[in-house]
Amino acid sequence: MTEARRYGVQPGNPDGVTPSQTVGPFFAYVLTPHEYGTREIFSKDIVTPDAVGHPIRIEGYVIDGDGEPIIDAMLEIWQADGDGRYAGAAPQHGANTAFKGFGRSDVDSNGFFAFRTVKPGQVPGPDGTTQAPHINVGVFARGLLKRLFTRIYFQGEPANATDPILALVPKERRHTLIAARRSRGDDTVYTFNIRLQGEDETVFFEA
Amino acid sequence: MSRTIYPRESLSGDPPYLHADYASTRKRSPSKPLVIIPHTLSELTGPVYGHETVQEGDNDLTRQHLGEPLGERIVVTGRVLDEDGRPVPNTLIELWQANAAGRYIHVRDQHPAPLDPNFTGAGRVVTDSEGRYRFTSIKPGAYPWRNHPNAWRPAHIHFSLFGPSFLTRLVTQMYFPGDPLFPFDPIFNSIADERARNRLIARFDIETTEPEWALGYQFDFVLRGRNATPLEDPHDD
Ligand SMILES: [Fe+3]
């Protein structure tokens with residue numbers, strides 16, 4: 001049978017971008033299967049021996065509009081290494097293939113998550129600007145019909161003051177994007193809570 | 001401020017965050033406006049996962065156990081394209097679904113329908129050089145949920161795709177043609193535009209159907225694409 005027959009009766013290609021649907025409540029045994037004993041291809045610990053940058057932990061809770069923890073969320077992070085290099089970037093942006101820069105985590109029964117990564121360096125921004133160190137975050141959950149996109153910035157970074165993306169965020173909401181730093185033993189821990197709705201709601205982006 | 005590279009208008013088919021008929025959105029949708037930002041290197045790059053992530057047989061969900069799973073065997077195949085029709089090669093697709101009785105192996109699925117010891121409902125595949133993919137599986141059953149009285153999800157398969165950048169990431173669900181539950185499902189109907197909704201319905205295809213073996217469905221994914229016209233700004237690669 002010909003391609004014409006196969007694709008001619010009804011169009012084989014949809015007429016636009018495929019819409020998003022919720023990840024639902026039952027994704028964990030494929031997307032974050034560490035409790036199912038099956039092979040996990042993404043991890044919440046993305047520090048590789050060859051990763052350039054200071055090792056850090058990023059911890060927090062995912063919280064709904066009633067202040068209740070969300071227990072069926074999934075977070076994804078995407079970041080540059082300590083020298084500001086993204087894996088797979090074009091060579092002129094200083095590609096780095098050693099550090100993957102991508103992590104995925106579920107949350108526990110308290111809505112708590114924790115990543116181990118390295119602190120990212122600065123990367124180019126629009127129109128010749130430089131961005132402050134940051135991590136792109138995708139939030140998926142039952143009840144989220146499409147991914148929420150936010151960014152983690154870091155407390156104590158002078159570059160936050162001139163970051164071109166933070167500058168687009170109303171001043172009184174910027175603090176929701178800045179992870180608080182503390183030390184715990186030898187670890188540097190940044191706390192970043194994600195409030196989907198309500199008082200001190202996290203800033204989410206559209207891009 | 002620099003221009004958008006992936007057109008935002010292409011997302012017009014997406015559901016809103018708040019769709020009150022889907023009760024879980026009420027306390028999980030942002031109440032403040034999203035902040036629109038330009039596409040920087042952080043959005044234009046993205047994790048690249050290809051063939052190293054999948055193993056032989058990850059795309060045949062009927063052969064992951066000693067015996068044959070119960071239910072109606074299906075083949076789901078198609079292409080991953082961007083919105084300009086360009087294939088998206090070597091990109092990871094992850095899939096999860098209920099068994100033929102409408103039950104997930106997930107620990108929190110309490111639907112009193114049987115688990116199938118020969119079916120997990122987990123699959124992975126990487127698109128080939130023309131963006132093609134293929135899964136063999138079992139048609140998932142409809143299942144009840146507690147969203148409203150007598151609420152049932154139409155049969156669906158969950159899919160997760162990466163594409164070439166942070167912005168092309170897509171998590172969605174594929175439905176089957178002619179499902180009588182469509183009018184009653186707030187998740188499917190969270191997509192306001194009928195044409196956009198119909199992009200999530202697979203097409204039964206007799207050519208894909210394998211004689212004496214499996215019913216065939218065609219389903220193409222269309223991810224966001226960069227503007228087809230070259231940009232003047234030399235810094236945007
Ligand atoms: Fe489902």
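**Figure 1. Aromatic cluster in chain B of the predicted model.** Tyr133(B), Phe135(B), Phe159(B), Phe219(B) and Phe221(B) are joined into a cluster by ring pairs. Rings of Phe, Tyr and Trp (its six-membered ring) pair if their centres lie within 6.5 Å; planes under 30 degrees apart count as stacked, over 60 as edge-to-face and the rest as tilted. Over all chains, the structure holds 27 aromatic pairs. This is a predicted model, in which local features need pLDDT of at least 70, side-chain atom pairs count only at pLDDT 80 or more, and totals for chains, interfaces and linings use all residues. Residues are numbered from 1 along each chain as its sequence is written, chains are lettered from A and ligands numbered from 1 in the order in which they are written, and side-chain values use heavy atoms, with hydrogens and water left out.

**Figure 2. A stacked pair, Phe182(B) and Phe188(B).** The ring centres of Phe182(B) and Phe188(B) are 4.5 Å apart, with 20° between the planes. Phe182(B) is buried at a relative accessible area of 12%, and Phe188(B) is buried at 4%. Buried means under 20% relative accessible area, exposed over 50%, and partly exposed in between (1.4 Å probe, protein chains only).

**Figure 3. The iron site of chain B.** Tyr104(B) and Tyr143(B), each through OH, and His156(B) and His158(B), each through NE2, coordinate the iron ion at 1.9 to 2.2 Å. Tyr104(B) lies in the loop between β3 (92-97) and β4 (122-126) of chain B, and Tyr143(B) in strand β6 (residues 143-145), so the pair ties together parts that are 39 residues apart in sequence. Strands (E, at least two residues) are DSSP runs, numbered from the N terminus. Both Tyr104(B) and Tyr143(B) are buried. Donors are N, O and S atoms within 2.8 Å of the metal (3.2 Å for Na, K and Ca); water is not among the atoms, so sites may look incomplete.

**Figure 4. Charged ends over aromatic rings.** The charged end of Lys100(A) sits over the ring of Tyr49(B), 4.5 Å from its centre. That of Arg73(B) sits over the ring of Trp213(B), at 3.5 Å from the ring centre. The criterion is NZ of Lys or CZ of Arg within 6 Å of the ring centre and within 35 degrees of the ring normal.

**Figure 5. Pro33(B) in the segment before β1 (35-36) of chain B.** Pro33(B) counts as exposed, at 64% relative accessibility. Its C-alpha atom is 20 Å from that of Ala192(B), 159 residues away along the chain.

Note on methods: Helix = DSSP H or I, 4+ residues; strand = E, 2+ residues; numbered from the N terminus.
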